[in-house]
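Subject: Structure for you to look at

Hello,

Here is the structure I said I would pass on. Please open it first, and then read the notes below.

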Amino acid sequence: MEILFQTWPWYISGFLIGMVMLCLIYFGKVFGMSTNLSTLCSMTGIGKRVSFFDVDWKVQRWNLLVVIGAMFGGFVAVHFMSDASNVDINPKTIAQLAQLGIDTPNGKLLPDALFGNAIFESPKMIFILIIGGVLIGFGTRYASGCTSGHAISGLSNLQIKSLKAVIGFFIGGLIMSHFIFPLIF
């Protein structure tokens, strides 16, 4: 059981993700978390009014189980299997975060300045969360999928649009972290 509580090397995790993707390809399934939103909407019957949601949601039931499993697995991992003491952050990153007023996690997985309950008391942070959610929703729809769908499933299927999307994700992440993030904080 000790191996479950340790950080796994990239080659083990990558291999397991690759095996899952091979199984999905074999069974003709496409993985992506954003698909679940349209599945949930189609379950409500909104497809009668909006043609985008007029799909057979029963085909995607398995993907809803993936979401439930991810949520359950995340809960178990954080509450029963996590050990934040093995999170090692580069001292330069800690110094850069301190300049932005962001505390170091100090034994936690996430800093309170970004993920604590106090962010809901700040109108600025609420505005940032709303704008970020709208931009993520728009980007997901515009790119025809989310980061997990394109980066894991799309690239596994050798889709050019997924390669373009993943390149865009990385460029957007670099722009955000180096230019926009310091302006926000």
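This is a predicted model: local features need pLDDT of at least 70, side-chain atom pairs count only at pLDDT 80 or more; totals for chains, interfaces and linings use all residues.

Aromatic rings

F75 has a relative accessible area of 44%. Because exposed requires over 50% and buried under 20%, F75 counts as partly exposed. F80, with a relative accessible area of 59%, is exposed.

Searching the whole structure gives five aromatic pairs. One of them joins Y26 and F27, whose ring centres are 5.0 Å apart, with 85° between the planes. That pair is edge-to-face, and both of its residues, Y26 and F27, are exposed.

Why is the pair of F75 and F80 edge-to-face? The planes of the two rings stand at 75°, and planes over 60 degrees apart count as edge-to-face, so the pair gets that label. The ring centres of F75 and F80 are 6.2 Å apart, and the cut-off for a pair is within 6.5 Å.

The largest pocket

The largest pocket holds about 970 Å³ of space. It is lined by 28 residues, and G132, L135, I136, G172 and M176 are the closest to its centre. Which elements give two or more residues to this lining? They are α5 (112-115), α6 (123-142) and α8 (160-184). The largest share comes from α6, with 13 residues. Sorted by class, the lining has 20 nonpolar and eight polar residues, and no charged ones.

The second largest pocket

The second largest pocket has about 610 Å³ of space. Its lining also numbers 28 residues, and those closest to the centre are S34, T35, S38, S144 and G145. At least two lining residues come from each of α2 (35-43), α6, α7 (147-156) and α8. Here α2 supplies the largest share, five residues.

Regards

How values were computed. Residues are numbered from 1 along each chain as its sequence is written. Side-chain values use heavy atoms; hydrogens and water are left out. Rings of Phe, Tyr and Trp (its six-membered ring) pair if their centres lie within 6.5 Å; planes under 30 degrees apart count as stacked, over 60 as edge-to-face and the rest as tilted. Buried means under 20% relative accessible area, exposed over 50%, partly exposed in between (1.4 Å probe, protein chains only). On a 1 Å grid over the protein atoms alone, a cavity is a set of points where a 1.4 Å probe fits but cannot get out, and a pocket is an open set with protein on both sides within 12 Å along at least five of seven lines; lining residues have an atom within 4 Å of a point. Grid points are joined across faces, edges and corners, and a volume is the space filled by probe spheres set on the points. Helices (H or I, at least four residues) and strands (E, at least two) are DSSP runs, numbered from the N terminus. Ala, Val, Leu, Ile, Met, Phe, Trp, Tyr, Cys and Pro count as nonpolar, Asp, Glu, Lys and Arg as charged, and the others, Gly among them, as polar.
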